[in-house]
Amino acid sequence: MKDVKEIIPHMRELGRVLVKYNMVERKAFDFGVGVKFYPSEIHTLSAVDALGRCGITDLARESGVTKGATSQLVTKLVKKGLMLKESDPDNGSKVILRLTELGKKASDNHYKYHLDHDSEFIDYLRSMSEEELEMFDDICSKMNDWMDSYLK
């Protein structure tokens, strides 16, 4: 096992990445529909697009945030005309979410944006062996647990 002093430079590099990620999370982006989106907004639209017919609980689970935060974000997106909340015909007490035409266009453009903008990193991940991808997933999972410990 390595000494802690040997690990500190790697932790500093990770810290720089996390600072940049935090900056990205606070920046609004235009996905060609006349509305600027913060990452949490466009990722919520994309999650509903990917999940299809879903409710607040499903969306919160997919997004990794609370139902309350998800509900607030959905309300904001409904007011912007990007998402609809409808009664579930099978369960009147449940709300079903779906994208409007504008929301779907934003989600599609967001996907295309990432294919173009992130192509170098995606290609890097695609070049990894199964073992390397498993290690990458394991590191991401450990980091997720580590960040959870700060949020308790």
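Partly exposed residues lie between buried, under 20% relative accessible area, and exposed, over 50%. The legends below describe a predicted model.

**View 1. The salt bridge between Glu-86 and Arg-98.** Arg-98 has 40% relative accessibility, so Arg-98 counts as partly exposed. Glu-86, at 30%, is partly exposed too. Glu-86 and Arg-98 form a salt bridge, and their closest N and O atoms are 2.8 Å apart. The pair links distant parts of the chain. Glu-86 belongs to strand S3 (residues 83–88), and Arg-98 to strand S4 (residues 91–99).

**View 2. The whole chain.** Seven helices and four strands make up the secondary structure. From the N terminus, the order is α-β-β-α-α-α-β-β-α-α-α. Along the principal axes, the C-alpha atoms fill a box of roughly 60 × 35 × 30 Å. The chain has 152 residues, and 24% of them count as buried. Among contacts with a separation of 6 or more, 46% come from residues 24 or more positions apart. The chain exposes about 11,200 Å². Carbon and sulfur atoms supply 56% of that area.

**View 3. Charged side chains.** The chain carries 23 positive and 26 negative side chains. The centres of these two sets lie 8 Å apart. Side chains of opposite charge can pair when their charged atoms come close. The structure holds ten salt bridges.

View 4. Lys-104 pairs with Asp-108 in a salt bridge, with 3.0 Å between the closest N and O atoms. Both residues lie in helix H5. They are four residues apart, about one turn of the helix. Lys-104 is partly exposed, with a relative accessible area of 36%. Asp-108 is partly exposed as well, with 29%.

View 5. His-110 sits in helix H5 (residues 101–117). Is this side chain's residue, His-110, buried or exposed? His-110 has a relative accessible area of 6%, so His-110 is buried. Leaving out residues up to four places away in sequence, His-110 touches Phe-31, Ile-42, His-43 and Ser-46.

View 6. Arg-126 forms a salt bridge with Asp-123. The closest N and O atoms of Arg-126 and Asp-123 are 3.2 Å apart. Helix H6 (residues 119–126) holds both residues, three residues apart, about one turn of the helix. Arg-126 has 65% relative accessibility and therefore counts as exposed. Asp-123 is partly exposed, with a relative accessible area of 43%. Elsewhere, salt bridges that share partners join Glu-41, Lys-76 and Lys-80 into one network.

**View 7. A nonpolar surface patch.** Leu-18, Met-147, Tyr-150 and Leu-151 make a nonpolar surface patch of about 430 Å². Which helix gives the most to the nonpolar patch? Helix H7 (residues 130–151) does, with three residues. Leu-18 has its place in helix H1 (residues 4–25). Leu-18 counts as partly exposed because its relative accessibility is 32%.

Methods. Residues are numbered from 1 along each chain as its sequence is written. This is a predicted model: local features need pLDDT of at least 70, side-chain atom pairs count only at pLDDT 80 or more; totals for chains, interfaces and linings use all residues. Side-chain values use heavy atoms; hydrogens and water are left out. Helices (H or I, at least four residues) and strands (E, at least two) are DSSP runs, numbered from the N terminus. Buried means under 20% relative accessible area, exposed over 50%, partly exposed in between (1.4 Å probe, protein chains only). Contact means heavy atoms within 4.5 Å. Accessible areas come from the Shrake-Rupley method with a 1.4 Å probe; for residues, only the protein chains shown count as cover. Lys and Arg count as positive and Asp and Glu as negative; His and the chain ends are not counted. The place of a charge is taken as NZ of Lys, CZ of Arg, CG of Asp or CD of Glu. Patches are made of residues with over 30% relative accessible area and no salt bridge: like charges are joined within 9 Å, nonpolar side chains (Val, Leu, Ile, Met, Phe, Trp, Tyr) within 5 Å. A salt bridge is a side-chain nitrogen of Lys or Arg within 4 Å of a carboxyl oxygen of Asp or Glu.
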